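Please look through the sequence and the structure shown here before reading on, and keep both at hand while following the text.

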Amino acid sequence: MALITRGFGARGHQRDTRLPPGQTQVEDWPVLTAGATPQIDPEVWEFTVTTEDGNVVRWDWDSFRALGLEDFTVDIHCVTHWSRLGMSWRGVPLDRVFEHVETSYDYVMAHSYGGYTTNVPLDELLDGQAWIAFEADGEPLEAEHGGPARLVVPHLYFWKSAKWVSGLEMIPQDEPGFWEERGYNLHGDPWTEERYS
Amino acid sequence: MIPHASWHVATVSDTRQETPNARRIVLEIPDWPGNEAGQHLDIRLTAEDGYQASRSYSIASSGDARSIELAVDRVPSGEVSPFLVDDLMTGDALEVRGPLGGWFVWRPGQSSERPVQLIAGGSGVVPLAAMVRAHRASADATPFRLLYAVRSPDDVFFREELARESDDDGPGAVRVDFVFSRRTPEGFPRPAGRLTRDLLGELVLLPERNPRVYVCGATPFVEQVLSWLRELGHEVDDVRAERFGGS
Amino acid sequence: MQKLDGNVLAGPLSQVMAGDVTSARARCVYCGDVAAVARAVVYADGVRFVARCRRCDGVLLTVVDAGDDMRLTMTGVTSLTLPV
């Protein structure tokens with residue numbers, strides 16, 4: 001049991017019931033990254049979904065955003081113990097994306113510019129559970145926070161919300177992505193504290 | 001043989017303001033095995049709800065003493081440094097892990113054919129000050145130079161000690177050169193301004209002297225200095241660097 | 001989040017290595033570069049550390065502080081030479 005440090009308060013002092021176990025509420029937005037921040041020009045940005053028959057559905061910046069942007073307000077939970085409640089975003093729901101995709105595979109590997117990967121079951125990306133987000137807190141998403149576009153899957157720990165997302169790959173079975181191969185949980189549910197593998 | 005690092009409970013025995021934004025902290029650690037000049041320790045803070053934050057800090061002292069000294073700069077948006085600079089009190093207990101790091105270290109008694117060039121950016125001076133102190137304490141004859149880039153005279157760490165080194169004409173004394181980016185002391189020979197490649201070239205030992213170079217500071221400072229050293233003809237693979245974050 | 005260097009790995013890896021890991025020379029599996037671990041580019045937030053090869057940016061190793069244990073994944077290092 002670690003020594004409690006006199007006078008050291010966790011950031012934020014509220015204990016909100018909307019916090020999953022082990023989380024502390026913050027008002028700011030810490031930047032956590034595994035590498036250099038990619039700088040991606042919307043002019044060259046693409047989003048692809050690759051399915052089992054080798055089919056690639058591809059959108060550019062304008063055609064992807066034309067699928068329909070919506071505002072959404074969600075709580076986000078980082079495995080490093082901070083949470084932000086009631087954060088406002090704007091993005092394309094993955095339900096809109098999958099209207100254009102035919103697949104019998106049940107799992108997804110999200111890919112990012114820069115090489116990051118993370119896995120999510122398909123049924124956890126649909127039914128209003130996930131978006132490709134372009135704005136946060138009313139502003140275009142900054143590069144250090146994953147802009148110009150990132151995946152947002154708020155019901156899972158935030159490492160699953162891949163920054164600089166470039167596309168989704170349908171896979172037949174659940175497979176570990178970058179952090180899942182390195183000690184983090186394959187699923188990542190904050191409410192049952194699925195942090196580690 | 002470097003002593004193995006482990007967790008210790010340290011008690012704050014003294015604190016004093018070092019600069020308007022920084023504090024010197026003295027820790028008593030009964031089971032501290034001693035540390036070399038340049039080594040660091042990790043401080044881990046635990047809140048009542050179990051939340052933990054941990055950061056690395058260079059040790060300003062070296063040797064066998066059970067009492068060690070830190071000098072911590074407050075990074076405004078940081079998680080740990082504001083607590084250490086503003087809230088920590090004498091008598092408080094802290095968890096520390098160390099001593100750590102065997103690469104960014106200066107040991108007395110190494111070849112004095114290689115003079116030593118220390119380059120500090122802001123609070124990067126802390127491990128280099130440990131080296132200066134170790135050099136003096138061991139009466140090592142190796143020529144030592146310190147280039148210290150800092151915003152203003154108010155931001156200088158270890159001011160008195162460095163002034164004593166500058167006033168000392170003896171062979172073992174460290175030559176200290178300051179570069180003030182924002183404001184200089186009265187009568188300072190150079191106007192305020194950021195370090196440049198040319199100024200670096202003027203103030204550091206030439207590559208032909210084959211210096212052992214140590215650079216410490218924030219990541220952008222270190223990267224810039226290494227890049228300039230390469231352009232000035234130094235063998236940068238041989239330079240030892242330690243990058244600080246802000247927190 | 002901080003962009004640092006391999007010096008900061010000394011603490012987290014002190015439980016894994018008996019000696020000082022920062023002086024150990026690591027060979028990058030992607031580009032073959034051999035350098036002291038202290039010289040790696042390290043992205044750190046206090047509980048997670050990602051060390052990248054300074055030459056090719058390949059991920060050399062990651063350390064995850066999982067509370068009860070420390071997870072070290074060294075997929076980018078083919079060999080480690082430690083001074084004794």
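The model is a predicted one, in which local features need pLDDT of at least 70 and side-chain atom pairs count only at pLDDT 80 or more, while totals for chains, interfaces and linings use all residues. Residues are numbered from 1 along each chain as its sequence is written, and chains are lettered from A and ligands numbered from 1 in the order in which they are written.

In chain A the secondary structure comes to 2 helices and 11 strands, where helices (H or I, at least four residues) and strands (E, at least two) are DSSP runs numbered from the N terminus. Read from the N terminus on, the elements of chain A follow the order β-β-β-α-β-β-α-β-β-β-β-β-β. The radius of gyration of chain A is 17 Å, close to the 16 Å that the globule rule gives for 197 residues, so chain A is as compact as a globular protein of that length; the radius is taken over C-alpha atoms, and the rule is 2.2 Å times the number of residues to the power 0.38. The C-alpha trace of chain A spans about 60 × 35 × 30 Å along its principal axes. Of the 197 residues in chain A, 38% are buried, a residue being buried if 20 or more other C-beta atoms lie within 10 Å of its own, exposed if 12 or fewer, and partly exposed in between, with C-beta atoms placed from the backbone.

One residue of chain A can be followed in detail. A:Met87 belongs to strand E5 (residues 82-93) of chain A, and it counts as partly exposed because it has 16 C-beta neighbours inside 10 Å. Leaving aside residues up to four places away in sequence, A:Met87 touches A:Thr73, A:Val74, A:Asp75, A:Ile76 and A:Ala136, where contact requires that the C-beta atoms of two residues, placed from the backbone, lie within 7 Å. The C-alpha atom of A:Met87 is separated by 8.3 Å from that of A:Phe72, 15 residues apart along the chain.

The contact between chain A and chain C takes 12 residues from chain A and 11 residues from chain C. On the side of chain A that touches chain C, the residues divide into 6 nonpolar, 4 polar and 2 charged; Ala, Val, Leu, Ile, Met, Phe, Trp, Tyr, Cys and Pro count as nonpolar, Asp, Glu, Lys and Arg as charged, and the others, Gly among them, as polar.

Chain C holds an open sheet of 3 strands in the order E3-E2-E8, with antiparallel pairing, two strands being paired if DSSP finds at least two bridges between them. Strand E3 (34-36) and strand E8 (77-81) of chain C stand at the edges with a single partner strand each, so one side of each is left without a neighbour in the sheet. Strand E2 (residues 25-28) of chain C is joined to E8(C) by 4 bridges, and C:Arg27 stands opposite C:Ser79 in E8(C).

Chain B has 5 helices and 11 strands, and buried residues make up 45% of its 247 residues. Its domain assignment, with bounds from an automatic or database assignment, gives domain 1 (6-100) and domain 2 (116-244). The centres of domain 1 and domain 2 of chain B, taken over C-alpha atoms, are separated by 24 Å.
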